[in-house]
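I opened my notebook to go through this structure helix by helix. Here is what I looked up, in the order I went.

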Amino acid sequence: MSFQAYLDGAEKKTGKTPAELLAAAAERGYDATTKAGEFLEWLKKDYDLGRGHGMALFHVLKNGPEISAKHVGTTGSHRDDSATLRLDGLANR
């Protein structure tokens with residue numbers, strides 16, 4: 001799955017956009033210095049999100065919405081349409 005597909009899947013599962021999930025994380029004090037395990041544990045406990053969805057969100061928490069262009073414009077299961085992830089939700093596309 002692509003990064004965007006994981007973020008979209010997290011939205012479908014929780015009913016919250018990636019931006020809303022990241023805002024909730026910030027309210028709890030999570031930021032770029034947070035350890036992955038702590039962040040993943042919170043997502044599992046509060047939103048029942050697994051590791052794949054959680055790590056995609058963690059990447060954005062740590063690095064922002066930009067990803068490597070390695071898979072942009074390629075074929076295969078890991079391709080993304082853009083090197084900038086959409087955090088504003090499926091309804092805004």
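**Ground rules.** I am working with a predicted model, in which local features need pLDDT of at least 70, side-chain atom pairs count only at pLDDT 80 or more, and totals for chains, interfaces and linings use all residues. Residues are numbered from 1 along each chain as its sequence is written, and side-chain values use heavy atoms, with hydrogens and water left out. Helices (H or I, at least four residues) and strands (E, at least two) are DSSP runs, numbered from the N terminus.

**Entry on H4.** After H4 comes Gly64, with a positive phi near 85 degrees.

**Entry on H1.** I ran the length check on H1, residues 3-14, too: its 12 residues should span 16 Å, and the end C-alpha atoms are 17 Å apart, which agrees. Gln4, Leu7, Asp8, Gly9, Ala10, Glu11 and Thr14 are the buried residues of H1. Their packing partners are H2, H3 (36-47) and H4. Gly15 follows H1, and its phi is positive, near 80 degrees.

**Entry on H1 against H4.** Two packed helices are described by the angle between their axes and the distance between the axes. I read off about 110 degrees for H1 and H4, with the axes 8 Å apart. For the record, axes are lines fitted to C-alpha atoms, for helices over the stretch in contact, and angles run from 0 to 180 degrees between N-to-C directions. H1 and H4 are therefore roughly perpendicular to each other. The classes I use are roughly parallel under 35 degrees, roughly antiparallel over 145, roughly perpendicular from 65 to 115, and oblique for the rest.

The crossing of H1 and H4 is left-handed. A crossing gets that label if the near helix is turned anticlockwise from the far one by less than a right angle, and is right-handed if clockwise. On the H1 side I noted Phe3, Tyr6, Leu7, Gly9 and Ala10, which meet Gly52, His53, Ala56, Leu57, His59 and Val60 of H4. The residues of this contact divide into seven nonpolar, four polar and no charged. In this scheme Ala, Val, Leu, Ile, Met, Phe, Trp, Tyr, Cys and Pro are nonpolar, Asp, Glu, Lys and Arg are charged, and the others, Gly among them, are polar.

**Entry on His53.** I took a second look at His53, which sits in H4. Which residues does His53 contact, leaving aside its neighbours within four places in sequence? I found Tyr6, Gly9 and Ala10. The C-alpha atoms of His53 and Gly9 are 7.2 Å apart, although 44 residues separate them along the chain.

**Entry on H2 against H4.** H2 covers residues 18-27 and H4 residues 51-63; their axes come within 11 Å and cross at roughly 65 degrees. That makes H2 roughly perpendicular to H4. The crossing of H2 and H4 is right-handed. Pro18, Leu21 and Leu22 of H2 meet Leu57, Val60 and Leu61 of H4. By class, this contact has six nonpolar, no polar and no charged residues.

**Entry on H2 against H3.** Here the axes come within 12 Å and cross at roughly 115 degrees. That makes H2 roughly perpendicular to H3. The crossing of H2 and H3 is right-handed. Leu21, Ala24 and Ala25 of H2 make the contact with Phe39, Trp42 and Tyr47 of H3. Its classes are six nonpolar, no polar and no charged residues.

**Entry on Asp48.** Most residues other than glycine have a negative phi. Asp48 has a positive phi, near 55 degrees. I placed Asp48 in the loop between H3 and H4. Is Asp48 buried or partly exposed? Asp48 is partly exposed, with a relative accessible area of 42%.

Note on methods
Contact means heavy atoms within 4.5 Å. The expected span of a helix is 1.5 Å times one less than its number of residues. Buried means under 20% relative accessible area, exposed over 50%, partly exposed in between (1.4 Å probe, protein chains only).
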